[in-house]
Amino acid sequence: MKIPWRMKWLLWWTTLKKNKQHEKLVKIGQGGSGANSILFLLPAEKETAQVVAHLVKRDMENENRQIRYVIHQNGLPFYPENLKPYIITYSDDDLNWWGTLKSFSVLDRIKTTNYDALVDMNLTINPTLMFLAANLDIPIKIGFQSSFAEEFYTMVIQQSSSGFFENNYETIERVLGLS
């Protein structure tokens, strides 16, 4: 994916001014309960969204964790109906010239919860969601390997050598205590 110069500049600037201090710790080891509140950043591209939709579908009625999802409105049709009450959408009108979220209503809906973990399910760089991740104060940020991943996420997942995305998601579930 070719990244426009303004995105490269903004990525550079964000990494330059980024502060990596986190006060809140989430215990995810054997004695920990995992993350209680998780924000998933979902892909809107049809091919990836269909696979991710299958992986993230949950029985939200019996879920004891607070899970929310953020996605561009164009990707909403690819996700199951039972997730839609938990999805926060944004549109192109909610973005500024740089491609970052400017809409206070969308940002306020996202920031109403103090999340323990953030998971970016995009396999390729999605600058809008990457900048959102950078600007949220969440102790655990998980994303997939890309040229800027190490600057924005506290945990970077390598693409599965078998090529199956499901293996990567199982790793995320184990880390967060979802399985």
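Visitor: Which residues does helix α4 span, and is α4 enclosed or open?
Guide: Helix α4 covers residues 127-135, and it is largely enclosed by the rest of the structure because eight of its nine residues are buried. This is a predicted model.

Visitor: Which residues of α4 are the buried ones?
Guide: They are Pro127, Thr128, Leu129, Met130, Phe131, Leu132, Ala133 and Ala134.

Visitor: How many helices and strands are in the chain?
Guide: The chain has six helices and six strands. Read from the N terminus, the order is α-β-α-β-β-α-β-α-β-α-β-α.

Visitor: And what share of the residues is buried?
Guide: Of the 179 residues in the chain, 49% are buried. The accessible surface of the chain is about 9900 Å², and carbon and sulfur atoms account for 49% of that surface.

Visitor: What is the average pLDDT of the chain?
Guide: The average is 82, and 79% of the residues score at least 70.

Visitor: Which elements have the lowest and highest mean pLDDT?
Guide: Helix α1 has the lowest mean, at 68, while strand β3, residues 87-90, has the highest, at 96.

Visitor: Back to the inside. How many residues are in the largest nonpolar core?
Guide: The largest core has 28 residues. Phe40, Leu42, Met121 and Leu176 have the most contacts inside it.

Visitor: Which elements give two or more residues to this core?
Guide: Those elements are β1 (37-41), α2 (46-56), β2 (66-72), β4, β5 (140-144) and α6 (165-176). Apart from this core lies another, of 26 residues, which includes Leu39, Tyr115, Leu129 and Ala134.

Visitor: What is Phe40 in contact with, leaving aside neighbours within four places in sequence?
Guide: Phe40 is in contact with Ile67, Arg68, Tyr69, Val70, Val119, Met121, Tyr169 and Leu178.

Visitor: What about Leu118: where is it, and is it buried or exposed?
Guide: Leu118 sits in strand β4, residues 117-120. It counts as buried because its relative accessible area is 0%.

Visitor: What does Leu118 touch, not counting residues up to four places away in sequence?
Guide: Leu118 touches Leu39, Leu41, Ala133, Leu136, Ile138, Ile140, Lys141, Ile142 and Tyr153. Ala133 is also one of the buried residues of α4.

Visitor: How far apart are Leu118 and Ile38 in sequence and in space?
Guide: Leu118 and Ile38 are 80 residues apart in sequence, and their C-alpha atoms are 5.7 Å apart in space. Across the chain, 59% of the contacts with a separation of 6 or more join residues 24 or more positions apart.

Visitor: Where is Leu107, and why does it count as buried?
Guide: Leu107 is in helix α3, residues 104-111. It counts as buried because its relative accessible area is 16%, and the cut-off for buried is under 20%.

Visitor: What does Leu107 touch, setting aside residues up to four places away in sequence?
Guide: Leu107 touches Leu101 and Leu132. Leu132 is among the buried residues of α4.

Visitor: New topic. How many salt bridges are in the whole structure?
Guide: A search of the whole structure finds one. It joins the side chains of Lys84 and Glu81, at 2.9 Å from N to O.

Visitor: Are Lys84 and Glu81 buried or exposed?
Guide: Lys84 has a relative accessibility of 25%, so it counts as partly exposed. Glu81 has a relative accessible area of 60% and is exposed.

Visitor: Last one: which residues make the nonpolar surface patch?
Guide: Trp5, Trp9 and Trp97 make a patch of about 440 Å². Trp9 lies in helix α1, residues 5-17. Its relative accessibility is 40%, so Trp9 counts as partly exposed.

Note on methods: Residues numbered from 1 in each chain as written. Heavy atoms only, no water. Patch = residues over 30% accessible without salt bridge, like charges linked within 9 Å, V, L, I, M, F, W, Y side chains within 5 Å. Areas by Shrake-Rupley, 256 points an atom, 1.4 Å probe, with all protein chains shown as cover. Salt bridge = Lys/Arg side-chain N within 4 Å of Asp/Glu carboxyl O. Helix = DSSP H or I, 4+ residues; strand = E, 2+ residues; numbered from the N terminus. Buried < 20%, exposed > 50% of the residue type's maximum accessible area, 1.4 Å probe, protein only. pLDDT = per-residue confidence, 0-100. Contact = heavy atoms within 4.5 Å. Core = buried A, V, L, I, M, F, W, Y, C linked by side-chain atoms within 4.5 Å.
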